Amino acid sequence: MKIKAAVLYEQGKKTPFSESKPLKVEEVDLEPPGAGEVLIRTGAAGLCHSDLSMINGVMQRKVPMVPGHEAAGVVEEIGANVTQCKPGDHVVMSFVPICGECEFCITGRSNICSTAFNARATGALINGNRRLSLNGEPLHHTNGVSCYAEYMVACEDSVITIDKEVPMLDAALFGCAVVTGVGAIINTAKIVPGSTIAVVGLGGVGLCALLGGVVAGAGRIIAVDIASDKLGLARQLGATDTFNATDPNCTEKIIEETKGGVEYAFEVAGVVEAMQTAYAITRRGGTTVTSGLSQHQHTFEIPHSQLVVDERTIKGSYMGSCVVRNDVPKFINLYKQGKLPVDKLRSGNICLNDLNQGFDKLAAGDAIRQMLVMHDEFSA
Ligand SMILES: NC(=O)c1ccc[n+]([C@@H]2O[C@H](COP(=O)([O-])OP(=O)(O)OC[C@H]3O[C@@H](n4cnc5c(N)ncnc54)[C@H](O)[C@@H]3O)[C@@H](O)[C@H]2O)c1
Ligand SMILES: [Zn+2]
Ligand SMILES: [Zn+2]
């Protein structure tokens, strides 16, 4: 079928994107779902910083590609042998499909599935197929999702069936921001109630970490960003203290305020400076968790003996260490109880033609999660 989709032809184009136009709306060809695959009508798709990093070249990807990895939608059609969902089901897309057979999948770590990791590098679906093309030339898939398109064909390993009550605009956020942010707190760090935590970087993912901290019963939640408006929102969402990272004494102030630093610090900005802040404000015996994805060649120095004598822990957190089939329904239950008010993270709806400007806004820090909507029935 012919569908409208955004195509990224070249990474690293100059800002403003509203002028350089890295994303072009095209009428592309989408093949029907093969065995083990499903056709999904895209409900809503979020603009995540990782998408921005694929556009500006911080993350190297194969082009031309149809971007977008955070989405929810409705199953329209299923291919042969599909058991995970049926037409009419509402689904959240998982940006890491689950092969179910690799060493990580069989040990409860499907978030780092090695089959998915290899497929992502080639720009194919996890089964090796490609379903998107333009003028007969294949287009690369993004993390098996490619949701900046009216429809998606994905492997059933990429979908999680959810409750139909959840509006698409909120459901989409569970595909990346929620699993990554809430999962970092609950799964990666496993914080205990009463803990003092800090979240460094308050975008869509960081604010979800903050909400996760509230849910997990953190005693004190310190929110840190370079943008003062993000600090205000963080307070509304449950931060007990806020600090601006542009203050040259920010680190010292947090250490003083917490009498030695926080038990758990979460870096969620995707820059080494934020990682340095997060590490510096972690107290003796504490844990620094990092979810941000900075340029792959960037490194972070650790004072070796301090790591040892302070018995510190540094942990990477990919997709919040979630087993998505288990965690997404749980997180949705928390949302339905009002405990994860992710609707407060949405910064308005946009259409395909607005994507370039949308990424300018995200890069400038002027939006949390803008939602791409391509079918009117999902706009509320
Ligand atoms: N690990 C994963 O599985 C995963 C999943 C999704 C996103 N990510 C990564 O997480 C990061 C955050 O994503 P997002 O969509 O929330 O981004 P975002 O752009 O919405 O938010 C980033 C925030 O960090 C702040 N910031 C920038 N520099 C800072 C500094 N030095 N100190 C403190 N704050 C600083 C910005 O002002 C902004 O509020 C990105 O690097 C993204 O690629 C990782
Ligand atoms: Zn696997
Ligand atoms: Zn994301």
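## Basis of the model

Because the model is predicted, local features need pLDDT of at least 70 and side-chain atom pairs count only at pLDDT 80 or more, while totals for chains, interfaces and linings use all residues. Residues are numbered from 1 along each chain as its sequence is written, chains are lettered from A and ligands numbered from 1 in the order in which they are written, and side-chain values use heavy atoms, with hydrogens and water left out.

## Domains and their contact

An automatic or database domain assignment divides the chain into domain 1 (2–175 + 341–378) and domain 2 (181–317), whose C-alpha centres lie 28 Å apart. Twelve residues from domain 1 and 15 residues from domain 2 take part in the contact, which is defined by heavy atoms within 4.5 Å.

Between the domains about 1,100 Å² is buried, with carbon and sulfur atoms giving 72%; this is the accessible area (1.4 Å probe) that the two parts lose on being put together, summed over both. On the side of domain 1, V58, L345 and I368 lose the most area to domain 2, together 45% of what that side buries. No salt bridges are counted between the two domains, the criterion being a side-chain nitrogen of Lys or Arg within 4 Å of a carboxyl oxygen of Asp or Glu.

## Zinc site

The zinc ion (ligand 2) is coordinated at 2.3 to 2.4 Å by the SG atoms of C99, C102, C105 and C113, donors being N, O and S atoms within 2.8 Å of the metal (3.2 Å for Na, K and Ca). In sequence these donor residues follow the spacing C-x2-C-x2-C-x7-C.
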